[in-house]
Amino acid sequence: MPGQNRSGAFWDSMKIKNQVSEFLEEQHGQEAKKPPERVKSKGIDVRVEPVVRGRYDADSHRWDPASITPGDYRLRITLAKNVIRRGRGMWATAARWSLTDASGIERSGEAPLPELPGADDLNIDVGGEPGGAGDFQKPVREEAGQTSGELSLTARQAGPFTVRITPLFGQDGEIGSAGSTLTYQGQIEDWLICVMGDSFASGQGNPNREGELDFFDDKFAANFTTLFWMDAFDVSGRPPTWQEPLSWRSNNSGICWAASRQHTNERVISFVSTAVSGAEVRNGLLTRQKNGDAPLPHLHPEGQISELADLLGGLGQGGRPDVLMLSIGGNDMGFAQALQSLTKETSSWWDFFTVLNLFAPPLAFAKAYASKGVHSPGEVQARVLEQLRDGSEFSRSLEQLAHRINSELRPRAVMVVEYPTALFDGDDERPQAGCGLFDVPSLGLSLSEAEAALVEAVGNALNARLEEWCEKHTYRYVGGIARAFKGHGYCSSDSYWRAAEGTVRKQLDKEGVLHPDAGGHTVIADIIGPVLAQEMGRLRRPARG
């Protein structure tokens, strides 16, 4: 009968829905269910600190494992003024608290609420730190006895937690009565984000704090820089500070900034970077990095992957990276030996190109063919494409890298960051001839528009090869960076690159030139940040809580 058919169809559809629900629960466990609603009383706020976990020891040149070991999260609790105040002059002087973290163990006690300083004793500071959240000032006490309403507790484990706070009122050090109990239920998320790679990942060109020359006159910037580059004299002054100066590793890289932006009130970022300026896939990530034939003594004896694996291996499940971010390939084009053989006659100049860590090798090769008449632009580009083809040494190195990442580090997600390629774009987003140090005709030093276009073409070819590699291994390729740098080349009016004069003045060296400056790293962070947030959203919860 028609009614029976409709009824049968209804029950069949319900059976399918139940099967789908069971499948989702089997695949995702509790993630398939709607999470229980958390209790958060009005008048209480909780913030997990610090924003970024991870402590690097510059003396031993290693990360401190204890600084990223899961546990001991500070909960900074703030009570609203209307919660800790009863009429004029009556302020809560202490709080009774209880805390239950993911271990299920409840701890409790009492803590004083510190009294705010008087207006006469208060130093008001306006402005904030560079790169901070903006202007700030300490709260001015409105009346005698006003307390801050702030206290700190420590959760021993990441995961769900419940805080209960009861304000205690009294005078002359005596507790008189208790206020209403406030409850806050939250979830501490500790995300482990790791970084490997070359100067683009390390933050070369943008140190923690810029250096300062003892003397520098902007009027003579070009001549001063050129003479310094030709080794006519050394410079002196206050050097820059780095997280790891021997690796030119900075906390001000775009990748680092993108990671720190993922912090929320209940989320902390445990962050580790082993990136080293000049690293290649084989010479740096797979094995210990060398400068020529000499291993760099401060680095892990078996390369960046082994350094990360050793650091994280002792943390158990808590040592599995949630996200591994990677920048590699810019130093792997294989031009160094050919470059040296082509440029022996002008080694003081061409040695400069051999130490550049991004696309300087193809740039140097392009310059070599122009000055020596050895290769045409087409031949240079063909040689680069040969290096990038399937089966080449570079491609084999990439496959070995993927194998070791997946087997030794086991990250839950891998993000490979695109290189900016328009090094010499003008304001019109077209390649243009060099300027400054790249335009000194009296010394035979100049960069043509054709050579600038060649540099960009080589970089785009490398990016395309990296994107193919990501697709093969289901890694996330972070594109859009090359496009964002268009029109912001070395000689443009709004450059995103560290100029030669800038690296002499701000780093007291030659290493930072043609690497992104603070503005460039900001753009990089703006692009990486949302992609990283998407990956974290896809993963839903960190492996460690």
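**Strands, cores and cross-links**

Mentor: Begin with contacts. Among those between residues at least 6 apart in sequence, 76% join residues at least 24 apart. Keep in mind that this is a predicted model. The protein has 15 helices and 21 strands. Of its 545 residues, 50% count as buried. The protein exposes about 25,600 Å², and carbon and sulfur atoms supply 48% of that area.

Now look at strand S11, residues 182–197. This strand is mostly covered, with 15 of its 16 residues buried. S11 pairs with strand S14 (residues 267–273) in the parallel sense, over seven bridges. There, Glu189 stands opposite Arg267 in S14. S11 also runs parallel to strand S17 (residues 323–327), joined by five bridges. In that pairing, Gly197 has Ser327 of S17 as its bridge partner.

Compare strand S8, residues 150–155. Leu151, Leu153 and Ala155 make up its covered face. Glu150, Ser152 and Thr154 make up the uncovered one. Why the every-other-residue pattern? In a regular strand the side chains alternate between the two faces of the sheet. S8 runs antiparallel to strand S5 (residues 73–79), and six bridges join them. Arg74 stands opposite Thr154 in S8. Arg74 also belongs to a network of salt bridges with Glu49, Arg76 and Glu150. Glu150 is on the uncovered face of S8.

Next, the cores. In soluble globular proteins, nonpolar side chains tend to be buried together. Here the largest nonpolar core has 83 residues, and Met325, Leu401 and Ile528 touch the most other members. Take Ile528. Leaving out residues up to four places away in sequence, Ile528 touches Ile255, Ala258, Met325, Met415, Val417, Val478 and Ile481. Another core, of 28 residues, lies apart from the largest one. Tyr73, Ala92, Leu182 and Ile188 are among its members.

Now the disulfide. The count comes to one. Cys435 is joined to Cys491, S to S 2.1 Å. This pair links distant parts of the chain, 56 residues apart. Cys435 sits in the loop between strands S18 (414–417) and S19 (439–440). Cys491 sits in the loop between helices H13 (481–484) and H14 (500–507). The torsion about the S-S bond is about -105 degrees, so the disulfide is left-handed. Cys435 is partly exposed at 24% relative accessible area. Cys491, at 19%, counts as buried.

The loop between H13 and H14 also holds Arg498. Its side chain meets that of Glu210 in a salt bridge, 3.3 Å from N to O. Glu210 lies in the loop between helix H3 (199–202) and strand S12 (212–213), 288 residues from Arg498. Arg498 counts as buried at 9% relative accessibility. Glu210 is partly exposed at 32%.

A search of the whole structure finds 26 salt bridges. One of them joins Arg389 to Glu386, with the closest N and O atoms 2.8 Å apart. Both ends are partly exposed: Arg389 at 40%, Glu386 at 43%. Another joins Arg107 to Asp101, with the closest N and O atoms 4.0 Å apart. Asp101 is buried, with a relative accessible area of 5%.

Methods: Residues are numbered from 1 along each chain as its sequence is written. This is a predicted model: local features need pLDDT of at least 70, side-chain atom pairs count only at pLDDT 80 or more; totals for chains, interfaces and linings use all residues. Side-chain values use heavy atoms; hydrogens and water are left out. Buried means under 20% relative accessible area, exposed over 50%, partly exposed in between (1.4 Å probe, protein chains only). Helices (H or I, at least four residues) and strands (E, at least two) are DSSP runs, numbered from the N terminus. Two strands pair if DSSP finds at least two bridges between them. A disulfide is a pair of cysteine sulfur atoms within 2.5 Å. A nonpolar core is a set of buried Ala, Val, Leu, Ile, Met, Phe, Trp, Tyr and Cys residues joined through side-chain atoms within 4.5 Å. Contact means heavy atoms within 4.5 Å. Accessible areas come from the Shrake-Rupley method with a 1.4 Å probe; for residues, only the protein chains shown count as cover.
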